[in-house]
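Keep the viewer open as you read.

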Amino acid sequence: MQEQNKDTRTEGESAKHKVSRRTIVAGAAWATPVVMIASASPALAATSGSGMACRVNEYFTTKGGGKFLNGSLFNLNLDAIAEVYGVDVLNTPLSGTPNVTKEPATGPTPGYTDRTDGVVDAWANPLNVGVLEALQVSLGGVTQPLGAILNIAETGVLNQYGLARENGLSRGFAGLVSNTGGVTLSDVQSAPAFGNINLKTVIANLAGPTLANLVEPLTALNLNIGAVGAQAEIDSCLTTQSRDYHIASADLTVGSDVLVNALDPVVGQGGAIDAVNNAVNGLTAEGGLLSDLVTNLVSALNVLNVGLVRVKADSATGTNVAVSIDLDPVRKLLADPLVTDALSLSLTDADKMLFLDLDALVGSLNEQAANTRVLPANAAVIDPLLSDISTFLNQLPDTVVAALQDAVNAATVKLDLKVALQYNQGILGGWTDAGAINILLDTTLGELMDGTAALKVTLNSDVPVVGPLLAAIVNPLLAGLAVTLNGLLATAGSAINDLLTPLISNVGTLLEGVAGPVLTDLLDPLLKGLLGGGSEPGLINLTVNVQEGAYDVAALKLSVLPSGGIDVVLAKAYAGENLAV
């Protein structure tokens with residue numbers, strides 16, 4: 001760590017130690033703990049023994065330490081388990097080596113080691129995540145590893161640090177650090193996450209039947225906690241104290257196939273959108289409306305069979321009729337989640353149907369006053385969240401139907417029909433090929449269905465002598481035939497509209513049935529039950545900037561279920577009380 005973060009004062013020195021807000025050196029080995037503190041309390045009063053400038057040879061009894069996990073997890077008392085001991089440093093003046101104690105006051109010595117990086121009177125006791133997750137807990141009468149419920153991120157180290165010096169300086173730190181010893185808790189992107197708690201398993205096994213039934217439709221319910229840390233520092237010589245905390249993130253992930261199942265009749269294989277797609281593509285198949293249109297157009301040309309001119313039998317060539325529709329925008333609309341500042345609701349991902357950002361939901365988990373309870377939240381916080389989901393689901397039918405109608409209207413229709421004509425040369429040669437009628441159509445299904453599409457009909461004949469004679473006979477007939485041909489086109493368009501309209505409407509009808517089972521039956525009671533805002537107080541209690549005394553600070557306190565569940569304080573640090581002697 002950079003030199004400015006090291007404290008090199010000797011006993012009795014009064015050089016000022018500067019503390020900058022959330023200063024960080026990422027990637028460096030541990031020297032002093034990460035400084036991420038700001039003045040959160042006034043300078044110490046004189047009655048604490050630190051209200052005077054230090055005199056030469058004045059000493060202090062100092063204390064500093066940290067513990068990442070405090071409280072209880074199911075049947076585990078975290079204050080009595082060696083694997084999660086914190087570090088407590090007590091420095092008694094002139095006693096020699098500072099007294100490094102453990103939690104609790106009795107039991108085996110945790111085996112802390114003095115720092116070897118030149119920082120004196122400082123100790124650390126990193127937690128072994130693997131050992132922690134292997135601890136056995138009883139849940140629903142079944143004993144299983146804690147790791148089955150509490151999944152701690154593999155990246156990073158849970159570190160606990162204490163420093164106490166006779167010159168009046170003490171520090172405590174608890175939090176997540178990277179594998180190389182550095183962390184930037186104010187930079188969410190680079191900070192390793194703490195991990196996640198499997199709330200579905202917890203609630204299903206420890207809650208009453210009502211709540212157990214509430215989470216039964218879920219495939220997952222996880223509380224995810226990002227990097228957390230806290231640091232306290234007191235300099236009794238300079239009469240300064242600072243305490244701070246940081247929570248990189250906290251969010252709730254809800255997995256359920258309720259929404260996916262509700263949408264399957266719409267987006268699933270053979271569903272309502274496939275029905276529209278198949279109907280459009282079937283227009284050109286044998287017996288399809290556009291194929292029948294070609295047959296009817298050829299038949300209508302038989303009116304040209306007069307005297308010296310006739311339509312050549314079986315002469316319709318190049319009768320390419322094609323239709324192309326792009327439904328990807330519609331499918332993307334149903335695949336893209338609803339995203340707001342506080343949530344993401346996926347319509348098609350059962351594993352992560354709902355992602356709820358608690359930091360955004362309550363405004364901020366950081367910069368809060370001491371002992372701020374952010375959960376359970378009140379209706380003013382929860383109701384707008386549910387309102388966003390309700391608005392989205394209730395608008396979904398109209399939104400999707402409009403997009404589907406746009407896709408159908410924009411579908412391209414192309415027709416290139418050539419019908420050969422013959423001219424009777426009489427005794428000179430009988431019937432001979434003399435040209436062709438070309439019928440072209442380049443339009444959209446929308447224009448076809450609303451009757452604004454039109455055919456382009458032309459005579460092509462470059463046979464010498466015969467060509468002009470053919471044109472003189474055929475062109476007047478074609479002019480009179482135009483109304484008939486375009487009438488056939490309009491009839492086909494009307495039939496196509498009658499075919500597709502109920503299929504499109506069916507998509508909207510099916511989507512109208514989604515909001516109820518998803519919002520009313522699942523998310524509304526679930527979120528109010530977990531987070532508050534309803535008649536029940538909420539199962540998740542979350543307090544941030546936890547300060548239980550004058551010298552300590554913790555990032556957060558979390559409890560789930562009123563008893564027998566989770567009741568922990570994460571990342572607790574303290575510095576003081578330091579007393580002049």
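## Strands and helices

Seven bridges tie strand β13 (residues 218-225) to β16, and the two run antiparallel. Two strands count as paired here if DSSP finds at least two bridges between them. The strands (E, at least two residues) and helices (H or I, at least four) are DSSP runs, numbered from the N terminus.

Before going on, a word on the source: this is a predicted model, where local features need pLDDT of at least 70 and side-chain atom pairs count only at pLDDT 80 or more, while totals for chains, interfaces and linings use all residues. Residues are numbered from 1 along each chain as its sequence is written, and side-chain values use heavy atoms, with hydrogens and water left out.

Overall, the chain holds 12 helices and 28 strands. It has 581 residues, of which 50% are buried, meaning under 20% relative accessible area with a 1.4 Å probe, counting protein chains only. Of its contacts with a separation of 6 or more, 71% are between residues 24 or more positions apart; a contact means heavy atoms within 4.5 Å.

**The sheet around β16**

Strand β16 covers residues 250-256, and seven of its seven residues are buried. Ala250, Leu252, Val254 and Ser256 point one way, while Asp251, Thr253 and Gly255 point the other. In a regular strand, side chains alternate between the two faces of the sheet.

Some bridge partners to click on:

| Residue | Bridge partner |
|---|---|
| Leu223 | Leu252 (in β16) |
| Thr253 | Phe355 (in β20) |
| Val254 | Leu354 (in β20) |

Zoom out and these strands belong to an open sheet of seven, in the order β9-β12-β13-β16-β20-β19-β18, with antiparallel pairing. At the edges sit β9 (150-152) and β18 (338-339), each pairing on one side only.

Strand β14 (residues 228-235) runs antiparallel to β15, with eight bridges between them. Gln231 stands opposite Asp244 in β15. β15 (residues 240-247) is mostly covered, with seven of its eight residues buried.

Now for α9 (residues 379-410). This helix lies across β18, β19 (343-345) and β20, running at about 30° to β19. Axes are lines fitted to C-alpha atoms, for helices over the stretch in contact, and angles run from 0 to 180 degrees between N-to-C directions.

How does α9 pack against α7 (residues 328-335)? Their axes are 8 Å apart, at an angle of about 160°. The pair is therefore roughly antiparallel, a label for angles over 145 degrees. Val330, Leu333 and Leu334 of α7 make the contact, and on the α9 side the residues include Leu396, Val400 and Leu404.

Helix α12 (residues 515-531) is another partner: its axis comes within 11 Å of the α9 axis, and they cross at roughly 165°. That makes α9 roughly antiparallel to α12 as well. Among the residues in contact are Ile382, Leu386 and Leu393 of α9, plus Val518, Leu523 and Leu527 of α12.

Key. Angles under 35 degrees count as roughly parallel, over 145 as roughly antiparallel, 65 to 115 as roughly perpendicular and the rest as oblique.
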